[in-house]
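Work through the exercises below with the model in view. Try each task before you read its solution.

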Amino acid sequence: MIPTTPGRWALLRERAFRRYWLGHTTSLLGSATASVAVAFAVLGSGGDGTALGAVMAARILPVVLVLPVAGIVADRLGPRRVALAADVLRCAVQTALAALLLTDRPPLWGTAALVALWGLGEGFGLPALGALVPGLVRDPARLADANSLLGLARSTSTVAGPALAGLLVAAAGPATVLALDAASYAVGAIALAAVAVPAVPRGPADTVLDDLRHGWAEFRSRTWLWLTTAQMGLFNLLVWAPFLVLGPLLAQQRLGGAAAWGTVMAAYGAGAVLGGLLMLGRRPGRPLAVATAAAVGWALPSAALAAGAGTGWTAFAALGAGISTAVCDTLFTTATQQHVPAEALGRVHSFEALGAFVLGPIGLAAAGPLAARLGAAPVLGLGALWQVTACATVLAVPAVRTLRAPAAAQSRPPVSRAVPSTD
């Protein structure tokens, strides 16, 4: 049964966190709708799988390029300031993109350029968000619950966002969805501006190169950290990128279009919500072993599409992948925050994100051409097979299998638990 101890939601009673959490959830909901809107805007203007992959790659490439610098900026200026600037930038970009899509035939290069600026904001926002959470949790034992609740916000938006986007795209067009996304970033920025987060003490100011070297040393000194990051990078290349490109394409060809794809992605989000609820109050003694085993579930939706499954079975597979996402995200993020010094968290999170995203643009750009040559089913099937093999291989590594959570953070009988916020 899912635990319902009221104390596990106690952080939502704290004014500062609640304010941030609500604003952040609003912006996440907007982003979840925007991804679907951009995909069908490209396809609706005559683009094919290759064009869609190029636009998606344009979003990821800036993330990859700025992440090392973004981590340094977050550690130097404070993650709250950087996250706030990232929200303001993304609000402006989505406003411009909505205006562009109102034209009769928006140029692909214009859409790709604005999507790239969107990715720039994400690149600076990712390490800032990862670094702010520990400063918002007074009790270290609640850190995993904090990440679970933030994950629940992401997951809930993933459920509602694609479903809402499918309806809005069909009724009012992609431009309306992107205008709403711009408004959601504005709400998130206002909420974040009203929240104060304690500054992390730093030693004498180093050069940027010294900061980079120190962050890299913290990252590479932990085998479990760089190994799971490499696994995530290859997952994005071989599994998730093909799924994101070929999924909408197959949905348009044989599943019923935007509404069907919205259903699949909403099921993925529902699984993530369920997984987040299951994670509340649970502290496995060997978190990375649990997370790596759970990551097998990411193979399910690709396998379903490769097997020619209909919308229902594909959505059911996506539900399983969503549960895996919640478990993995919570446990991987918490392990990093518990084992890496606070003053280096921004940089370490940036290296984690860099490793996860660096191969993504290649996968997004290559999925369409590969599917045109080999067929969509073989590309998706090989990705699913890779994921199962990779999880078994990583789980066999002692540094991953035996890493333990701090004793104070492990599971106990039902007691109060809760969630984090911003800096």
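This is a predicted model: local features need pLDDT of at least 70, side-chain atom pairs count only at pLDDT 80 or more; totals for chains, interfaces and linings use all residues.

**Exercise 1.** Describe how helix α8 and helix α13 pack.

*Solution.* Start with the ranges. Helix α8 spans residues 223–255, and helix α13 spans residues 345–357. Next, take the geometry. The axes lie 6 Å apart, at an angle of about 35°. Then list the residues that meet. Leu225, Thr229, Met232, Gly233 and Asn236 come from α8. Val348, Phe351, Glu352, Gly355, Ala356 and Phe357 come from α13. Last, sort the residues of this contact: six are nonpolar, four polar and one charged.

**Exercise 2.** Classify the aromatic pair of Phe219 and Phe351, and locate both residues.

*Solution.* The whole structure holds eight aromatic pairs. Now locate the partners. Phe219 sits in helix α7 (residues 208–220) and Phe351 in helix α13. They are 132 residues apart, so the pair links distant parts of the chain. Finally, check burial, where the cut-off is under 20%. Phe219 has a relative accessible area of 6%, so Phe219 is buried. Phe351 has 10%, so Phe351 is buried.

**Exercise 3.** Explain why the pair of Phe235 and Trp240 is stacked.

*Solution.* The ring centres are 6.0 Å apart. The planes are at 25°, so the pair is stacked. Both Phe235 and Trp240 are buried. Now widen the view. Phe235 and Trp240 form one aromatic cluster with Phe243, Tyr268 and Trp298.

**Exercise 4.** Find which residue lies over the face of Trp118.

*Solution.* The residue is Arg59, at 3.7 Å from the ring centre.

Technical notes
Residues are numbered from 1 along each chain as its sequence is written. Side-chain values use heavy atoms; hydrogens and water are left out. Axes are lines fitted to C-alpha atoms, for helices over the stretch in contact, and angles run from 0 to 180 degrees between N-to-C directions. Helices (H or I, at least four residues) and strands (E, at least two) are DSSP runs, numbered from the N terminus. Contact means heavy atoms within 4.5 Å. Ala, Val, Leu, Ile, Met, Phe, Trp, Tyr, Cys and Pro count as nonpolar, Asp, Glu, Lys and Arg as charged, and the others, Gly among them, as polar. Rings of Phe, Tyr and Trp (its six-membered ring) pair if their centres lie within 6.5 Å; planes under 30 degrees apart count as stacked, over 60 as edge-to-face and the rest as tilted. Buried means under 20% relative accessible area, exposed over 50%, partly exposed in between (1.4 Å probe, protein chains only). A charge sits over a ring if NZ of Lys or CZ of Arg is within 6 Å of the ring centre and within 35 degrees of the ring normal.
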